[in-house]
Amino acid sequence: MQSAETVLGVLSERGSKGLPLNELYRQLFNPQLYLLAYGRIYANKGAMTPGATAETVDGMSLGKIGRIIDAVRHERYRFSPARRVWIPKHNGKLRPLGLPTWSDKLLGEVIRLLLEAYYEPQFSGCSHGFRPGRGCHTALSEVADTWTGTTWFVEGDVADCFGSLDHDIMVEILADKIHDNRFLRLMRAMLKAGYLEQWTWNATLSGAPQGGGATRGRTVVSGCTKGGSMLSMV
């Protein structure tokens, strides 16, 4: 069995060469990736916050990883709806936050690791949002060092970005390079899992819940490609 680092390194190399992925789904059977994902998210504040069920990181075990892998292997894994809560924004308004179950968080982080490894080499150098080693500070450094002749900037914000993402377009973008129907079906199932608000299930006809690890990866994949001329801080 390959180590998580080896798997991610191979994906990164294929991504840098623009080669498609034909068997990405089978990488979800590798327990080493789940251990790496666990190490990335177990200390997060939300790890002890339940989603639609009482499950949290407190019940984590190798047996649970095995059960998730077995369900994924036989295409029996079902994402639970995210529990929706509302949190205040800096402008006094509220924004929705989706709280997945722990198993969904763990599998979502594995998916994010795979997508990030493959797509990161293909992203535009002008994009700084939700990327390893990048953020607001690197974007500001680029402005200071590169955009020296610019006299004015236009600030834009995509209203309801996460809630307005078109599921079909997102899957089509993935399908352009990921030629693996099982993986694409899993992505669509994740997007269509719905959410619980006041313990009432609601369909997600578009968008992705903020709060899951894979959400960031899907959003960045949808919005960042090489050749762009905008400075992006998603």
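1. Confidence. The protein chain has a mean pLDDT of 87, with 89% of its residues at 70 or more. The stretch to treat with care is residues 227-234, where pLDDT stays under 50. The model still gives residues 227-234 22 contacts beyond four places in sequence. Where pLDDT is low, the predicted coordinates should not be read in detail.

2. Helix pair. Helix α1 covers residues 4-17 and helix α2 covers residues 31-41. Their axes lie 8 Å apart and the helices pack at an angle of about 95°. Angles of 65 to 115 degrees count as roughly perpendicular, so α1 is roughly perpendicular to α2.

3. Residues between the helices. On the α1 side the contact is made by A4, V7 and L8, and on the α2 side by Q32, L33 and L36. By class, five residues in this contact are nonpolar and one is polar, with no charged residues.

4. Sheet layout. An open sheet is built from four strands, ordered β2-β1-β3-β4, with mixed pairing. The edges are held by β2 (94-99) and β4 (200-202); each has a single partner strand, so one side of each has no neighbour in the sheet. From one strand to the next, the twist averages 45°.

5. The β1 and β3 pairing. Strands of a sheet pair through backbone hydrogen bonds, either parallel or antiparallel. Here β1 (residues 82-88) and β3 (residues 195-197) run in the parallel sense, paired over two bridges. A82 has Y195 in β3 as its bridge partner.

Notes:
Residues numbered from 1 in each chain as written. Predicted model: local features only at pLDDT ≥ 70, side-chain atom pairs only at ≥ 80, totals over all residues. Heavy atoms only, no water. pLDDT = per-residue confidence, 0-100. Contact = heavy atoms within 4.5 Å. Axes fitted to C-alpha atoms, helices over the stretch in contact; angles between N-to-C directions. Parallel < 35°, antiparallel > 145°, perpendicular 65-115°, else oblique. Nonpolar A, V, L, I, M, F, W, Y, C, P; charged D, E, K, R; others polar. Pairing = 2+ DSSP bridges.
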